[in-house]
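Could you walk me through this model, stop by stop? I have it open in a viewer and would like to know what to select next and what is there.

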Amino acid sequence: MGESYLKEKHSNLIIILLLLFPVLINSVKIFGNLILLILAILGAYVAIVEKKNPFQIKELRIFSWLTIGYFGVMLLSILMADGFNAEFHHLGRKLHFLLAPLIALAIFQVDLPLKKLLLSIKVGLVIIGIITIVQFYHPLGKGQISGMINSNIFGDIAVAMLFLSIVQIFIETPKERIITFITALLGIIAITLSNSRGSWLSFLILSVVYISLCYKPFLKNNKKRQLSLALILLILLGTVWTQTDISKRIKTANIEVQKWHSGNNLNDSNGLRLQMWESGLIAAKQSPWFGYGYGNANKIASEYAPSNKHTIKNKTHLHNEYITNLVSAGTLGLLALLTLLLTPMLIFYKKLKDEKIYYYASMGILLCTSYITFGFTHIAFGEEHVNAFYVFFMAFLLLNTENSTLKKRDLL
């Protein structure tokens, strides 16, 4: 009786943590990482007491090797570049991937219905929507409207949360759809007020991917649903476009890029970003295989920049995940990044035909697409909040996608 009671308490604690994570990750700065740390400790407890190895459990094996492999490549890049005198503290932001197998092992111990997790994501969207609205209208509000988190990171996570939250909308009841619509609207408000152009690029690409995923099972030969979805998207996008300065910022970006091509623009936001990309690619050619060590990308790229060397050197990344990884860890690092993103994508795509796990697979594709697009202009795995979000949801989704004993509950 005592052992059974402890196991039940252990499971209940993990479920509470799983439901709290989407609520807090984008609104409270510390708690998302704290939740993952607790899950890692609980996973270590399971590994020691129950003698379970995540690398030997079928449902966890791929995820565990992917995350440890990525962390290992980043560690190797530092050792190859600087030896044991390297500044290993840079790897602190990658610890999520080192602990990922233990986090997955903790999640493996419980059975959490997808609908409950989706509800917690929606609660999280409501909270960040309210936060941004309050900041926007507060007379002493910050210039950055994104809670306590960097606006680019905030906007990116909000985009991912938004699309994950609407994955089951076509099988929801009318009342549930109203709730989903309201939470999605608040999510779009949060994305808009964060004023991140990169997040909007991700939003547009994910819209296409989402419609593609939904078309055959839910939209094909159903004119009513097609029209309803089109009207909702037009209303949301039209409202955002007319009520914000997004169109102005896009026009400004276009002008700045044209100036950069003519050699007259090196100091504004887009000119500096393009300069980092160009100098990063030049630097990568000088050390193509193992790079210059994780954490050294900006320092090295600044040496090849025609101007703004000090500004580039003091930034933590090159505003492009692919170039940052190429400079930091060379071709090996870029391959590790692509493997981390594309291997799960392929697994999820193959599982779409299985109706028992269709929604897990759909969410997995949306998650992978999110991070692929984040890397275009921001960072996908260079900041603790985005790392935590990816590790948490990828562990949950890959685990359930690989679980052949799943019930058909999530289709009801």
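Here is a tour that starts with the whole chain and then moves to single residues.

**Before you click**

This is a predicted model, in which local features need pLDDT of at least 70, side-chain atom pairs count only at pLDDT 80 or more, and totals for chains, interfaces and linings use all residues. Residues are numbered from 1 along each chain as its sequence is written, and side-chain values use heavy atoms, with hydrogens and water left out.

**Stop 1: the whole chain**

Colour the chain by pLDDT, the predictor's confidence in each residue, from 0 to 100. The average is 85, and 87% of the residues score at least 70. Select helix H4 (residues 95-107) to see where confidence is highest, at a mean of 96, then helix H10 (residues 246-261), where it is lowest, at 61. Next go to residues 406-412, where pLDDT stays under 50; the model has 23 contacts beyond four places in sequence for this stretch. Contact here means heavy atoms within 4.5 Å.

Now switch to a cartoon view: the chain has 16 helices and 0 strands. Both are DSSP runs numbered from the N terminus, with helices (H or I) of at least four residues and strands (E) of at least two. Of the 412 residues, 52% count as buried. Buried means under 20% relative accessible area, exposed means over 50%, and partly exposed lies in between (1.4 Å probe, protein chains only). Among contacts between residues at least 6 apart in sequence, 76% join residues at least 24 apart.

**Stop 2: the nonpolar cores**

Select Leu39, Tyr371, Phe381, Phe389 and Phe393. These are the residues with the most contacts inside the largest nonpolar core, which has 107 residues. Helix H16 (residues 384-402) gives the most to this core, with 13 residues. A nonpolar core is a set of buried Ala, Val, Leu, Ile, Met, Phe, Trp, Tyr and Cys residues joined through side-chain atoms within 4.5 Å.

Zoom in on Leu39. Beyond four places in sequence, Leu39 touches Ile14, Leu17, Leu18, Leu102, Ile103, Ala106 and Phe392. For a second, separate core, of 14 residues, select Ala284, Ala297, Ile300 and Leu326, which are among its members.

**Stop 3: the aromatic pairs**

The structure holds 22 aromatic pairs. Rings of Phe, Tyr and Trp (its six-membered ring) pair if their centres lie within 6.5 Å; planes under 30 degrees apart count as stacked, over 60 as edge-to-face and the rest as tilted.

Show the side chains of Tyr70 and Phe97. Their ring centres are 5.0 Å apart and their planes are at 65 degrees, so this pair is edge-to-face. Tyr70 lies in helix H3 (residues 58-82) and Phe97 in helix H4, so the pair ties together parts that are 27 residues apart in sequence. Tyr70 is buried at 1% relative accessible area, and Phe97 is buried at 0%.

Move on to Tyr371 and Tyr390. Here the ring centres are 4.9 Å apart with planes at 65 degrees, so this pair is edge-to-face. It links helix H15 (residues 358-377), which holds Tyr371, to helix H16, which holds Tyr390; the two residues are 19 apart. Relative accessibility is 0% for Tyr371, which counts as buried, and Tyr390 is buried at 1%. To see how ring pairs join up, select Tyr70, Phe97, Tyr371, Phe374, Phe381 and Tyr390, which they link into a cluster.

**Stop 4: Asp156**

Is Asp156 buried or exposed? With 0% relative accessibility, Asp156 counts as buried. This residue lies in helix H6 (residues 151-165). Beyond its neighbours within four places in sequence, Asp156 is in contact with Gly198, Ser199, Phe374 and His378.

**Stop 5: two loops**

Select Lys51, in the loop between helix H2 (31-49) and H3. Its phi is near 55 degrees, a positive value in a residue other than glycine. Lys51 is exposed, with a relative accessible area of 73%.

Finish at His319, in the loop between helix H13 (309-313) and helix H14 (321-351). His319 is not a glycine, yet has a positive phi of about 60 degrees. At 13% relative accessibility, His319 counts as buried.
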